[in-house]
Amino acid sequence: MLTLLTAMYIVVRAASSEADPIRVLVTGAAGQIAYSLLYSIAKGDVFGKDQPIILVLLDIPPMLPVLDGVVMELQDCALPLLREVIPTDKVELGFKDLDAAILVGSMPRKEGMERKDLLKANVAIFKTQGAALEKYAKKSVRVLVVGNPANTNCLIASKSAPSIPKENFSCLTRLDHNRARSQVAMRCGVPADAVKNVIIWGNHSSTQYPDVHHAMVNVHGKEVEAYSAVKDDSWLKGDFISTVQLRGAAVIKARKLSSAMSAAKAICDHMRDWWFGTLDGEFMSMGVYAGGNSYGIPEDLIYSFPVHIKNKSWNIHDGLPINDFSRAKMDATAAELVEERDTALSFLSQ
C-alpha cells in the first residue's frame, strides 16, 4: 500500500511541477521562414526542453488554407511539448496573453516599388500589430521583428505599444551576425563556434557594418584576435564586409527565393539567447532601442549593437574602442536609419 501511495505521490508531484505552457506567436506563419522555424520552436530548441508551448500562427485570410496544412504537419510531428496550435487571421486571438511574439510577416518589396511606398505599407502593418500587442499581450512579452525593413518596423511597433517597455522589442540582425561569424571561420579553417564577438552595427540592410575588430578566433586551442587569425586586412575591410552586407541578395539570386533555413536558425539563436542569456565573455548582435547608448548613435532608433543578456534583459556592451574606419561606417548606417525613421513617422501620424 505504501508503495502504491508513494508512486501516486510522485506522479502528482511530477504533474504539478510541469511548467505552464507559454504562448508564442509567429506571424507570416504560412510563409517559408515560418515553415523552417516552427518545428524548432515546437520541439524545444528555443525555449527549453521542458517548456510546453502553445503556438499561435497568424497570417492573412488568403493564406489560411495553407496554414491548415502547416497545422496538420505540426500535429503529425507528435511533439510532446506542443500543447496546442492556434491558426488565425484575427489579431485579438493572435496577440492574446503572449509571452513571445516573432513578427515575420511584412509587405515584401515588389518590382517598381519605391522605398517610401514599402515603408508606408509596413507602417500600417506594424502600427496595427503594435496596437494589438498593447491591447492583448502580456506587458512582459518579448517581441522580435523579422519582417523588413526590420529596424524601422520594430520602432513603429514599439511606439504603437507605449505601455510595453522599449527594451522588450528587438529586431533580427543575428542572421547577419551568423553570416559574419561563418565567413571568418571558413577563412581561418575553424568551426563557426571557434569565432566569437563579431558585431553587426546598425541597420539590417546593405549599409550594415560587420565589424571584427573585437572578435576572437580559437586557433589550435589559443584565442587570437580575428585580424591576426585571418592575416588579410584588405579582405576584412573589403570583400568580407560586402559579402555579409549582400548575402541575402546572393541567396535570392541563387535560390530564386529569400533566405529561410538560415533566417529561421538565426531567429532561434536570438530568442534562445534572450530567454537563457549569453555566455560569459561573449556578446551577440541584436537590433535594440538605442536610448542611452555610449557609441554616439542617435537615441530614437532601433540599431544593432553588441549585447550581453542575463535574466531575459539585454545590455549594450559598452566601452569598445572605435577607430575612424568603424566610426564612418557606424554613422553611415545610422544616417540611413534616421531617414527611414523620419519617413515612417510621417506616415504614422497620418
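A: Helix α5 gives the most to the lining of the largest pocket, with five residues. This is a predicted model, in which local features need pLDDT of at least 70 and side-chain atom pairs count only at pLDDT 80 or more, while totals for chains, interfaces and linings use all residues. Residues are numbered from 1 along each chain as its sequence is written, and side-chain values use heavy atoms, with hydrogens and water left out.

Q: What volume does the largest pocket have, and how many residues line it?
A: A pocket is found on a 1 Å grid over the protein atoms alone, as an open set of points where a 1.4 Å probe fits, with protein on both sides within 12 Å along at least five of seven lines, and lining residues have an atom within 4 Å of a point. Grid points are joined across faces, edges and corners, and the volume is the space filled by probe spheres set on the points. Here the largest pocket has a volume of about 1600 Å³, and 48 residues line it, with S106, M107, P108, G147 and N148 nearest its centre.

Q: Which helices each supply at least two residues of that lining, and how do the residues divide by class?
A: Helices (H or I, at least four residues) and strands (E, at least two) are DSSP runs, numbered from the N terminus. For the largest pocket, α2 (32-42), α5, α7, α10 (239-245), α11 (247-255) and α13 (324-348) each supply at least two lining residues. As for classes, Ala, Val, Leu, Ile, Met, Phe, Trp, Tyr, Cys and Pro count as nonpolar, Asp, Glu, Lys and Arg as charged, and the others, Gly among them, as polar. The lining of the largest pocket then divides into 21 nonpolar, 19 polar and eight charged residues.

Q: What is the volume of the second largest pocket, and which element gives the most to its lining?
A: The second largest pocket has a volume of about 280 Å³. It is lined by 15 residues, of which L175, N178, R179, S182 and S262 are the closest to its centre. Two or more lining residues come from each of α7, α11 and α12 (261-276), and α7 gives the most, with seven residues. By class, this lining has four nonpolar, five polar and six charged residues.

Q: Why does the span of helix α5 agree with its number of residues?
A: The expected span of a helix is 1.5 Å times one less than its number of residues. For the 22 residues of α5 (residues 115-136) that should be 32 Å, and the end C-alpha atoms are 31 Å apart, which agrees.

Q: Is R174 buried or exposed, and which residues does R174 touch?
A: Buried means under 20% relative accessible area, exposed over 50%, and partly exposed in between, with a 1.4 Å probe and protein chains only. R174, in helix α7 (residues 174-188), counts as buried because its relative accessibility is 5%. Contact means heavy atoms within 4.5 Å, and R174 touches A266, D269, H270, D273, M284 and S285, not counting residues up to four places away in sequence. A polar contact is a pair of N or O atoms within 3.5 Å, where within protein one must be able to donate a hydrogen and the other to accept it, and residues adjacent in sequence count only if both atoms are side-chain atoms. One of 2.8 Å joins the side chains of R174 and D273.

Q: Which residues is I41 in contact with, leaving aside its neighbours within four places in sequence?
A: I41 is found in helix α2 and, at 1% relative accessibility, counts as buried. With those neighbours left aside, I41 is in contact with V24, V26, V46, F47, I53, L55 and I102. I41 and I53 are twelve residues apart in sequence and 8.2 Å apart in space, C-alpha to C-alpha.

Q: Where is P149 found, and what is the peptide bond from N148 to P149?
A: P149 is found in the loop between β5 (142-145) and α6 (150-159), and the peptide bond from N148 to P149 is cis, with omega near -5°. P149 is also among the residues touched by E340, which lies in helix α13 and counts as buried at 3% relative accessibility.
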